[in-house]
Amino acid sequence: MNKLLLILTSILLASCATTKSDYVATTGGGHIYYEERGKGEPLLLLHGHSLDRRMWNCQWQAFAKHYRVVRMDFRGYGRSSEQREDLQMTHADDVITLMDSLHIQKAHIVGLSMGSFVTGDLLAMFPERLLTCVMASGGIRNSKGPSEPMDSAESAKRDLEIAILKEKGVERMKAEWTEQLISGGGSRRERIRKPLTQMIKDWTAWQPLHKEVRLFYGKEAWAKLRERGKTAVPTLFVRGACELKGKRGNPKEMDYLTNAKFVVIDDCGHMLNMERPKEFNHTVLDFMEGGSKGKD
């Protein structure tokens, strides 16, 4: 019996330790790169701007012990195909495409910064696809959505911004952006320097050099959230204390949610999952377990 138990345990550990990777086709001939690890309820990890799936390295194995974890590169980042100026798409729709391709009807969604913008879009536009929702260092954007394409004035403004950036130099921009993310952290901020620098170095910087389409539902997501009245998806907002700089008050999205929680992690900034992974992992895993039980 003990030998059989040992064999079954070894098989289980091996299945959890195996990482699957592949590409999924999406609109306009594009493709999304993803990696998958673990067993159980699906959990999607959505990365921040200028970064990629690797920002979740400190969550990857820890979460895969409990969930079927999928991390992806948004279009325009990492190994996924580049964005296009002539193709209207949203990151939220790409996430739904990925979920459909992997036969995932519902999932726990965890996003940070830009990833939390996408998570907020999903919460507002596709609540039926979410088991729980975690928005770290961000929320629903208050920006124009796909129904309001760029007009001539905005186009001219972007032309000027792109020209200024080209004169400044992309490498200088990347260096300044890296320092901004690191300097806003707490006492452990130097631990994120090496992985953050590498991801931003690998980033093509397509976005600041081009006229992006409306990648987020933004104001349209806010309108949908208000129109619905109250949304029941268990939702967690997480912020780093250093980024808040003493500001108080709950995220305004909570006014439209029936089951929401706000947690502040001490001594860290914007990249809290990388700076304080132990605290972040504990906070998110505890919430998701409670959120799932609360819906049964």
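Author: Three helices, α4 (114–125), α5 (152–168) and α6 (170–183), each contribute at least two residues to the lining of the largest pocket. Helices here are DSSP runs of H or I with at least four residues, numbered from the N terminus. With 4 residues, α5 provides the largest share of that lining. The model is a predicted one, in which local features need pLDDT of at least 70 and side-chain atom pairs count only at pLDDT 80 or more, while totals for chains, interfaces and linings use all residues. Residues are numbered from 1 along each chain as its sequence is written, and side-chain values use heavy atoms, without hydrogens or water.

A pocket is an open set of points, on a 1 Å grid over the protein atoms alone, where a 1.4 Å probe fits and protein lies on both sides within 12 Å along at least five of seven lines; lining residues have an atom within 4 Å of a point. Asp, Glu, Lys and Arg count as charged, Ala, Val, Leu, Ile, Met, Phe, Trp, Tyr, Cys and Pro as nonpolar, and the others, including Gly, as polar.

The second largest pocket holds about 280 Å³ of space. Among its 16 lining residues, R239, L244, G249, P251 and F262 lie nearest the centre. Its lining has 6 nonpolar, 4 polar and 6 charged residues.

Definitions and conventions:
Grid points are joined across faces, edges and corners, and a volume is the space filled by probe spheres set on the points.
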